[in-house]
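Here is a walk through a structure for someone meeting it for the first time. Keep the 3D view open and follow along.

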Amino acid sequence: RKEVEQDPGPFNVPEGATVAFNCTYSNSASQSFFWYRQDCRKEPKLLMSVYSSGNEDGRFTAQLNRASQYISLLIRDSKLSDSATYLCVVNRGDNDMRFGAGTRLTVKP
Amino acid sequence: DTGVSQNPRHKITKRGQNVTFRCDPISEHNRLYWYRQTLGQGPEFLTYFQNEAQLEKSRLLSDRFSAERPKGSFSTLEIQRTEQGDSAMYLCASSLVGKGQYFGPGTRLTVT
C-alpha cells in the first residue's frame, strides 16, 4: 500500500461544477499537509497548506481529518484553468515529503 | 525571476554516459530537495540538504547517484553510467524549514 493514496481520476466536469478530491495517508505521525497543482509537463506548484481547522482560499477549501488520516480538496465554481493534476502531499516530519500519484482534473466548457 | 532554476532543461544521453544536473534554489531557502518523477506518478523523494549537509538519501538513490551542495547554495545531481530506467524528470525544490516546497522546472532526462 502506498503511503499517500489519492482518487486516481480522471475527473471530467463542466465549468461551474463543484469537485472534491480525497486523499488518505498511512503514517499517523505525519505533521503537515499540502495540496499541489501540476500542469502537464510543468513542475508542481504549491496550491495551499491544509490545517486541522480547515482552510479556504477563494474557490478552494481544504480539510484535514487526523483521526481518519484523510485530506480533501474542494473546488467550487470550477474554471477551465483549473484543469491540472492535483497532488496530495504529506510531511512526515522534518520536511520529509511524500507525494500522492495525483488526481487529474479536466474542466470542460 | 527569483524562483528555483534548473539546468539543463532537457538532456539526452546514451546509456553508460555520466550526466550532471544543476539546481539553484530560492536564495533565502536553507533546504534543497531532489525528486524524480515518471509519467503518471507523483514526485519520488531522492535526497535533501539543509545548508550544505546532506541529511537524508532515499533507497532509490543507488550508488550511481550522487548529490552535492558544497556551499549551501546551488546543488548538483550526478548520475554515473546511466541506464534507460533513469529516464525521468528530475525535480529540485527548496524551502525554509517547516514550510512548503517550491519546485524548479525540472530537467527531463532521456537515456537512449
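**Salt bridges, sheets and an interface**

The structure holds eight salt bridges, counted over all chains. The model is a predicted one. Start with one salt bridge in chain A. There the side chains of Arg92(A) and Glu3(A) meet, with 2.6 Å from N to O. This pair links distant parts of the chain, 89 residues apart. Arg92(A) sits in the loop between β9 (84-91) and β10 (97-99) of chain A. Glu3(A) belongs to the segment before β1 of chain A.

Now turn to the sheet that includes β1 of chain A. Five strands form this open sheet, and their order is β1-β3-β8-β7-β6. The pairing is antiparallel.

Strand β3 (residues 19-25) and strand β8 (residues 70-75) of chain A pair over six bridges, in the antiparallel sense. Follow one position across: Val19(A) stands opposite Ile75(A) in β8(A).

Two loops of chain A deserve a stop. One is the loop between β1 and β2 (11-14), where Pro10(A) is found. The peptide bond from Gly9(A) to Pro10(A) is cis, and its omega is near 0°. The other is the loop between β7 (60-65) and β8, which holds Gln69(A). Phi of Gln69(A) is near 55°. That is a positive value in a residue other than glycine.

Move on to chain B. Four of its strands form an open sheet in the order β1-β3-β8-β7. Again the pairing is antiparallel. Which strands of chain B are at the edges? They are β1 (5-7) and β7 (65-68), and each pairs on one side only. Neighbouring strands of this sheet are turned by 15° against each other on average, direction ignored.

Three bridges join β1(B) to strand β3 (residues 19-24) of chain B, and the two run antiparallel. Within β3(B), Arg22(B) is the bridge partner of Asn7(B). Asn7(B) is also joined to Pro8(B) by a cis peptide bond, with omega about -10°. Pro8(B) lies in the loop between β1 and β2 (10-13) of chain B.

Finally, bring the chains together. How many residues of chain B are in contact with chain A? There are 23, and they touch 17 residues of chain A. The area buried between the two chains is about 1,600 Å². Carbon and sulfur atoms give 45% of that area. Pro43(B), Gln101(B) and Phe103(B) supply 26% of the area that chain B buries against chain A, more than any other three residues.

What does the interface hold in the way of salt bridges? The rule finds zero of them between chain B and chain A. It does find three residue pairs in polar contact across this interface, both residues at pLDDT 80 or more. On the side of chain B that touches chain A, β4 (31-37), β5 (44-50), β9 (88-95) and β10 (102-103) of chain B each supply at least two residues. The largest share, four residues, comes from β4(B). By type, the residues on this side of chain B divide into 10 nonpolar, nine polar and four charged.

Technical notes: Residues numbered from 1 in each chain as written. Chains lettered and ligands numbered in written order. Predicted model: local features only at pLDDT ≥ 70, side-chain atom pairs only at ≥ 80, totals over all residues. Heavy atoms only, no water. Pairing = 2+ DSSP bridges. Contact = heavy atoms within 4.5 Å. Buried area = accessible area lost by both parts, 1.4 Å probe. Salt bridge = Lys/Arg side-chain N within 4 Å of Asp/Glu carboxyl O. Polar contact = N/O pair within 3.5 Å; in protein donor to acceptor, adjacent residues only side chain to side chain. Nonpolar A, V, L, I, M, F, W, Y, C, P; charged D, E, K, R; others polar. Axes fitted to C-alpha atoms, helices over the stretch in contact; angles between N-to-C directions.
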